[in-house]
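Subject: Structure handover

Hello,

Here is the structure I promised to pass on. Please open it first, then read my notes below.

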Amino acid sequence: MQGVSRIYPSSDEPALRDVSLTICRGEYVALVGQSGSGKSTLLNMIGLLDTPSSGELLLFGENLKGMRQRRRDAIRSHSIGFVFQSSHVIGSESVIANAAIGLRVQGVPLVDRAGSALEALEFVGLEHKRRVLAKLLSGGERQRLAIARAISTRPLIVLADEPTGNLDPSSRERVIQYLRKLNSEGATVVIVTHDREVASQADRRIEIRDGRLVLDSLTPSGRNISEVREEGDQVRTLPSSTPARGQFLRSLSDDWSDAFNALSSRVLRTVTLILAFAIAIGGMTAAIGIGSTTSNAINNRLAIASQDRVSLSIYDGPSVLNSGFEELELGVQRISEVPRVVAASYLFSAVAADVRITHITPTEPEPDAPLTLHAASSSYFSDLDIETYPRNASSLLGNAELGPLAIISTKAAEELGISFRPEYGPAPGSSIWVEGALVPVVGIFRPTADSAELSSAVFVDPDSLRGVTRAELKVSVRTEKGFAAAVAKVASLAYAPGDPGKARVDVGADIQSIRQEVSSDLGALIALLSLVLMLLATITAASSMYLTVQSRSAEIALRRAIGSTRWLVCRTFILEGLIIGAIAGLAGGILGTATTIIVSLIQGWPPVLPSEMAWVSFVLGVITGVVSAIYPAWVASRKDPAIAIRD
Ligand SMILES: Nc1ncnc2c1ncn2[C@@H]1O[C@H](COP(=O)(O)OP(=O)(O)OP(=O)(O)O)[C@@H](O)[C@H]1O
């Protein structure tokens, strides 16, 4: 060092003033002085954690002025080992993982790390604790682990800042021994200490007062510097800054394992973070799902509004059956006279379980596929544009004088084993058993797409249904195009003017309210909602990430101090964000889908789950995770190790 000074920006007084000194390879130097005199500042300079405000600093002949950050990181990582006053071990990792952290920063392959780390642990007598979590170690053991961590990379220089400060006499004794042993094996050791005895172990004693070097002398037992120089001549050279081939891939896999370790060692934080993400992404996914479901429901209602059909349910179906059809026919007649109504007809449907329909005998087993039994107005088939074969078959049903008759669907004919020719009708003489009565089959029909529910239907004349106790009665009304809603409003009243509650309109919609709903621009609303949720998710996640960075200050400082580049620190946090985001994306997708289904069920709408929902939530999760980690990662990577290490 030549004329080195350090003035901290926030302080008027220089922490170091014009310090010039030379430390030779293999020396054992004790830095002493009162509290606040500038010892740690000087040590940080030597360790490249800090830079002089003025003056020159050379390390192994290399001038540090203007040296790039990456080069400084590389020198710290390969040539310098730090032992801090508070041990700064990573409590959530095992002892051996802590000891190997410097090797990991150097990019030493995983398989080779264990050997060197174990050797370092043996050096400090901690090999038997290698699998224990570092947080379970005693204070003295932690400090020994800090020494193991510092020496596992076989550094040329070991810098120790009051390593015995918090230790009991026997632990202190051991730490001194290890440092002495390290020095005797060739390492240059510089130790900051308040402890006279520790200082007396060194070869040389440098005293700082108010930032000035006031004393620089050999200790009584100290070796002569020139002797030491000779011993230290066999040291290795400084590392090159260019990474070895294949190092990038290796370091990428290390980054992943670091990110996983960090996440799995703080389970509660990870789960809370994932939950916060998942809820937000679930909200977004649900917004997509509910949006699609809602617009589908509105579309259906709009489609119905543009239709020309109205359907009415009549409550007292069975009593109508038993009391005669006059009232029913009158009601249907009144509806058909409403302006814009083209046709109206009724349809009875017996409860399928109540009826028995067979072919040859009344007692034989029924067909496998359940058949449904109906009776309808004679105009029913023509109103619904359903073709019967022969063509006049439906008019036969309305003729009471002909007695019981049946028209059956082609599928019902197949099920019952009744032969027919598609364009002509059933084989002459065909008959079926309906509720114990023999009924001739006079026609067949093929349901249209609109009347698919009649695919297995058997139609009989209304009188044949009299014995049935449970039946649903509907009146189908066909209107001029676009008048369904208008007719729906008056249909009940037209059917039963004295008691309109008897007939309930099933379909048909209030066009006014639909207009209002559609005009509220559902799409834009959902998009806005998603955006707000996404922002919320990102802010929540970013703040949690930021707090994490704060709480991991010591760990980050340690990583930087032992030579982790800023980019490496940054990468680790972004990877953590990515992993959290991906898991939360999957969980959020499931949550959102479930919410959509539940909301649809409550509303009675068919749920619509767009296929892109699955990957959108995953991708959103990953993006949110990465985006929210960028700022905290940047903050982490910018932490000044010299300041952070003091926290
Ligand atoms: N980052 C900083 N910003 C402002 N002032 C600082 C900073 N770091 C250290 N100082 C100040 O510089 C002076 C020297 O501090 P330093 O830590 O080097 O002393 P020290 O001799 O190691 O003290 P101790 O023995 O108590 O650890 C102190 O007055 C301290 O408050």
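A helix here is a DSSP run of H or I with at least four residues, and helices are numbered from the N terminus. Keep in mind that this is a predicted model.

Start with the ligand. Which helix gives the largest share of the shell around it? Helix H1, residues 39-46, does, with 3 residues. The ligand has 13 residues around it, and those that come nearest are Tyr8, Ala15, Ser35, Ser40 and Thr41. By class, the shell holds 9 polar, 3 nonpolar and 1 charged residues.

Next, the sheet. It is open and has 3 strands, in the order S2-S1-S4. The pairing is antiparallel. Strand S2 (16-19) and strand S4 (54-56) form the edges, and each pairs on one side only. From one strand to the next, the twist averages 20°. Strand S1 covers residues 2-6, and 2 bridges join S1 to S2. Arg6 has Leu16 in S2 as its bridge partner. In general, strands of a sheet pair through backbone hydrogen bonds.

Last, the transmembrane regions. An unreviewed UniProt entry places this feature at residues 271-291, 522-547, 568-601 and 613-636. I have details on two of these spans. Residues 271-291 are 100% helix and 0% strand, and their end C-alpha atoms lie 29 Å apart. Residues 568-601 are also 100% helix and 0% strand. Here the end C-alpha atoms are 49 Å apart.

Best wishes

Methods. Residues are numbered from 1 along each chain as its sequence is written. This is a predicted model: local features need pLDDT of at least 70, side-chain atom pairs count only at pLDDT 80 or more; totals for chains, interfaces and linings use all residues. UniProt positions are given in the numbering used here, feature names are shortened, and annotations may be inferred rather than shown by experiment. Helices (H or I, at least four residues) and strands (E, at least two) are DSSP runs, numbered from the N terminus. A residue is near a molecule or strand if its C-beta atom, placed from the backbone, lies within 6 Å of it. Ala, Val, Leu, Ile, Met, Phe, Trp, Tyr, Cys and Pro count as nonpolar, Asp, Glu, Lys and Arg as charged, and the others, Gly among them, as polar. Two strands pair if DSSP finds at least two bridges between them. Axes are lines fitted to C-alpha atoms, for helices over the stretch in contact, and angles run from 0 to 180 degrees between N-to-C directions.
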